[in-house]
Amino acid sequence: MAGSPSRAAGRRLQLPLLCLFLQGATAVLFAVFVRYNHKTDAALWHRGNHSNADNEFYFRYPSFQDVHAMVFVGFGFLMVFLQRYGFSSVGFTFLLAAFALQWSTLVQGFLHSFHSGHIHVGVESMINADFCAGAVLISFGAVLGKTGPAQLLLMALLEVVLFGINEFVLLHLLGVRDAGGSMTIHTFGAYFGLVLSRVLYRPQLEKSKHRQGSVYHSDLFAMIGTIFLWIFWPSFNSALTALGAGQHRTALNTYYSLAASTLGTFALSALVGEDGRLDMVHIQNAALAGGVVVGTSSEMMLTPFGALAAGFLAGTVSTLGYKFFTPILESKFKVQDTCGVHNLHGMPGVLGALLGVLVAGLATHEAYGDGLESVFPLIAEGQRSATSQAMLQLFGLFVTLMFASVGGGLGGLLLKLPFLDSPPDSQCYEDQVHWQVPGEHEDEAQRPLRVEEADTQA
Amino acid sequence: MAGSPSRAAGRRLQLPLLCLFLQGATAVLFAVFVRYNHKTDAALWHRGNHSNADNEFYFRYPSFQDVHAMVFVGFGFLMVFLQRYGFSSVGFTFLLAAFALQWSTLVQGFLHSFHSGHIHVGVESMINADFCAGAVLISFGAVLGKTGPAQLLLMALLEVVLFGINEFVLLHLLGVRDAGGSMTIHTFGAYFGLVLSRVLYRPQLEKSKHRQGSVYHSDLFAMIGTIFLWIFWPSFNSALTALGAGQHRTALNTYYSLAASTLGTFALSALVGEDGRLDMVHIQNAALAGGVVVGTSSEMMLTPFGALAAGFLAGTVSTLGYKFFTPILESKFKVQDTCGVHNLHGMPGVLGALLGVLVAGLATHEAYGDGLESVFPLIAEGQRSATSQAMLQLFGLFVTLMFASVGGGLGGLLLKLPFLDSPPDSQCYEDQVHWQVPGEHEDEAQRPLRVEEADTQA
Amino acid sequence: MAGSPSRAAGRRLQLPLLCLFLQGATAVLFAVFVRYNHKTDAALWHRGNHSNADNEFYFRYPSFQDVHAMVFVGFGFLMVFLQRYGFSSVGFTFLLAAFALQWSTLVQGFLHSFHSGHIHVGVESMINADFCAGAVLISFGAVLGKTGPAQLLLMALLEVVLFGINEFVLLHLLGVRDAGGSMTIHTFGAYFGLVLSRVLYRPQLEKSKHRQGSVYHSDLFAMIGTIFLWIFWPSFNSALTALGAGQHRTALNTYYSLAASTLGTFALSALVGEDGRLDMVHIQNAALAGGVVVGTSSEMMLTPFGALAAGFLAGTVSTLGYKFFTPILESKFKVQDTCGVHNLHGMPGVLGALLGVLVAGLATHEAYGDGLESVFPLIAEGQRSATSQAMLQLFGLFVTLMFASVGGGLGGLLLKLPFLDSPPDSQCYEDQVHWQVPGEHEDEAQRPLRVEEADTQA
């Protein structure tokens, strides 16, 4: 049965048919529901007698482009560190994000901007869609190398829906603030992926252990991802905050937080490293935790010192997580977390949510002045106190953890469907399962596929 | 005669002398003709009593920077896929674009903005110059590996002039709309390069066949090019469109089109791939066809659904082109298209022009409102109907194909001039012909040049 | 004594303790002194009744992001050319710049924007801090491969202070104009690093000579750095110039200058290259000299021709410097300049300062009109003539050379402190001294450390 021609044909058709179905369904839904908003539509915009300079495009598009670079360059190359999985890392990032942003435009549109039967799109929906794609890619990091592209597309199909619902509950029902998504993006994406990875636990994964590390050049490629994520994170956190001082302050806080998390990461990496040597895994990842940890609070009056302290804490916690907690996560909790998303997005995301609780609870009319309206509108309007805002922020974190865990569990069951093509234990972290791969050196013929066929089809 | 000292000296001097001559001549023409425009000149700007926020710099410069990254990072690294031609790919991209943007500033300036004896430059001329450089690099893709740098500079010298004339005929004489250059940039650049490559046909090119593929790391470098082109394409198409809703809509349409072309490419690549495996060549290239295909229509009221459909179609057509048409192009039509520009820029460019015909023909006052003036000024002013606009768009495509073919033919004859240094058949796709190349591994001495000298000088 | 356990422990703790101390001290100073400025603070901004569109964020932040990419991607990857020092090049760039930007925020804040006991920060301070980090990285280029990370942090600690003082003397006391930092950034950073490298002269460095070159792929990584520096340099020079025509003109001049320096570099590289072949070192570096050479004058009425001429001159001088002067610098002057910063930043920086003298001396009310106020306020206000402005520009160059030389000398003495961990002569340009390094090929165990322990600890 295994290895039969029909099974091989099914494998061959799984990815193309799924892509075609998802793209076709998305296009039909776009045709029925999606329309230009009044800042994008030729007729509506000019009816308004606006100055062109007032078009939101000019306030948001540069940030959007930075976020876009983070999603496709940043996440994509960060995961290229695996020695034989570079094509899949950057390629599946490309595929997943290109699907997720379309699907998310629909899901978020139905939930957030559905008026008179239509979803209205513009630069804000582009940013929101990219944010959701970012969450999907965080989950991808947890299962990297252990899942096929059809499985990943199904994961995205489910995750985007749950992301949208969770975000709707937090931002619209609970009135939680989370501009840069410590909760909605990082915590959600990380725990969704981790629970999913738990369900897909592979006890025999050591069969692929020799492919799980990096080589010299793959680590340099990964640093491209790291640095692009790092430099553009101020734009990520500020992309959707209030115009004016709000965006300005958010970018500034994120900038300081990242700088401090970098020093914290170098310090801890050398401290816990063998013979005082630095570990590239820490630098590539933990130095970014400063962006995650101020995802909720960077739009608030965190103060520059607060940003430094938060970033430093996140960098150190994340580095210690890579060193000491990742092994335990696998051995005790049976969670195989390929990229260590628990250290980069999980713990710093939770810390960021808690920091948001603290800073929201400290909000006063004196500190924010008339700017209170744009950061905490419900407090400004007298509908809630700073303390109740803080409590709701905390409740938002629990809601997120709940949605992520249940969603990740469901996702894991979905991905275990027996007809879905999944790489065998001995062929994880290997591009040749999914790609036509050239040799590593010139004049070398294409390497014979070192996949034991019997194993693949078992 | 061959291999004589004088010939070697000539070879040594060809590139430097041509660079010095072209730079010198350009500088003299700049001295005589080029002046700051009224948004760039210290005295003129302040005479106008403008608000600084109104300076066009703030509306166009972020888009310019994205276009600039596409031209130099995107095109440059996309062509690094060749295993032994990375220095030349990224290096000659650098040289060609740096020359083309200067020369194009002059040619486009004489044709478009020559007033009272001077060309006036600012951010719009920078974008236009980079667009023209993009067309030259598309043509470069067709002849990549088979031409020396002096030949390429001469190609650029000719192509920039014809690009400028073709663009002038379309945009100014025919009143054709082509914001992102489906015709003026992609169709023109592709067919110019393809006809040129036809004239330079090398029947013995299989002597270099072993160097024509990629290696693992060169494919990852090429993905840097792909991703930067992909993320910034919304800025490319919208860089010169009308301010306000025009730029906003153009970017949004391009974003959707690219997402759909990515799914189409993955679907078709797996469908036609050996054993269902994906092919990096398709992902690197065809996924970008969504940006090309909406180059004309993305500023129009294409609708989000229209953008998805167009992008999906372009991705599939382009992938099928790489799989089935490129081999025929070489065997039947004797066109050796190194990068497959026919699949990425040629066919999608023609499709994009035809889509522009369709969408222009459907333009109504209802759909565009007062925005009609900024997209189709001649229709808005009652000088022509939507149908005649569509007919002229179609005529513009034929004009472009004509200019590109005749130009490419002339270019081929120019590059065949016997005194021009061209790599021999056995040394195509080889950096060592043009560069001092280090070894591939540390501690390795510089590799002996494996160029058979007799062959080179034959 | 050497190789004793206590010494090994000290080595292990040096970097972490220094990072922790510097980050802790910086955070305390931030807590006491650093506050949001009125464009960043929630209460202050809204008190002003401004339009959000007037927030400086929208005029400066896109330029900031480009500068940020140059500092972290550009400088970082440009130095990856060394075959076995990629982790250190990009990693220490990351560490140094993350520290320098915090420390510089304090130093520049005390000197430039200290009011009523506080430093007020916003997007301008972010740009200024990144500029200072750029100067530190230039100095890093001179000593690349020969210093440990703790040494480099101490270098930054000193250099940031001297950078701030020199900048204060030039811009505030002397009224010198230097928007893109030909003097304050490039000349200062280069000569600080060169003098420091002189003090650290290693007569036995040929022991590491075999690691001082590049390999094929490391040169391609370095080109990532080059191209990102090249494309964003117009933003670097214009990031802090006057809004409106000032920023516009500065970007345009830099764009032309870089294009011409690229052609000059290719011409000269082929001319002086063995057998007419191009040298990657020249292309990677000298093509950027066009950005350096207009750092002072690009905001002035340089004219497009002036920009081309200056860029061409800089590209040729820089290329000739790499070919002929770098060897002399080592053999005669005992300055080991790893990246050739004398050719890329030193000579072009001095040329740029002199060009600034010339263009400032030619300033007239006719040429600048009411724009004179924003370029040369002291001339516009009648406080000095163009000639005296030119003389002060020249004096500013001498002041910079003086500060850089004395500072570099002090820095060299500081870095020679015997307890500081420095790589031995035989282990320069080697990542394994500082990093846990994986092998170069898959399935290869981590390479045994080829550091002779006795030598390391000697």
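Me: A polar contact is a pair of N or O atoms within 3.5 Å, where within protein one must be able to donate a hydrogen and the other to accept it, and where residues adjacent in sequence count only if both atoms are side-chain atoms. How many residue pairs are in polar contact between chain A and chain C?

Reply: Between chain A and chain C there are 23 such residue pairs, with both residues at pLDDT 80 or more. This is a predicted model, in which local features need pLDDT of at least 70, side-chain atom pairs count only at pLDDT 80 or more, and totals for chains, interfaces and linings use all residues, while side-chain values use heavy atoms, with hydrogens and water left out. Residues are numbered from 1 along each chain as its sequence is written, and chains are lettered from A and ligands numbered from 1 in the order in which they are written.

Me: What makes chain A and chain C count as being in contact?

Reply: Contact requires heavy atoms within 4.5 Å, and 73 residues of chain A are in contact with 76 residues of chain C. The two chains bury about 6600 Å² between them, 71% of it on carbon and sulfur atoms, where buried area is the accessible area (1.4 Å probe) lost on putting the two parts together, summed over both. Within the area that chain A buries against chain C, A:Tyr216, A:His248 and A:Tyr255 supply 13%, more than any other three residues.

Me: How many salt bridges does the rule give between chain A and chain C?

Reply: A salt bridge needs a side-chain nitrogen of Lys or Arg within 4 Å of a carboxyl oxygen of Asp or Glu, and the count between chain A and chain C is zero. On the side of chain A that touches chain C, helix 9 of chain A gives the largest share, 18 residues; helices here are DSSP runs of H or I, at least four residues long, and strands are runs of E, at least two long, numbered from the N terminus. By class, that side of chain A divides into 41 nonpolar, 19 polar and 13 charged residues.

Me: Why are strand 1 and strand 2 of chain B called edge strands?

Reply: In chain B, three strands form an open sheet of mixed pairing in the order 1-3-2, and strand 1 (34-36) and strand 2 (114-115) each pair on one side only. Strand 1 and strand 3 (residues 118-121) run parallel over three bridges, and the bridge partner of B:Tyr36 in strand 3 is B:Val121.

Me: How do you know what relation holds between chain A and chain B?

Reply: Chain A can be laid on chain B with an RMSD of 0.0 Å by a turn of 120° and a shift of 0.0 Å along the axis, the copies being superposed by least squares on the C-alpha atoms of residues with pLDDT of at least 70 in both. That is the relation of a three-fold axis. Within chain A, the C-alpha nearest the axis belongs to A:Pro62, 3.8 Å from it. The copies use different surfaces, as 12% of the contact residues of chain A recur in chain B.

Note on methods
Two strands pair if DSSP finds at least two bridges between them. Ala, Val, Leu, Ile, Met, Phe, Trp, Tyr, Cys and Pro count as nonpolar, Asp, Glu, Lys and Arg as charged, and the others, Gly among them, as polar.
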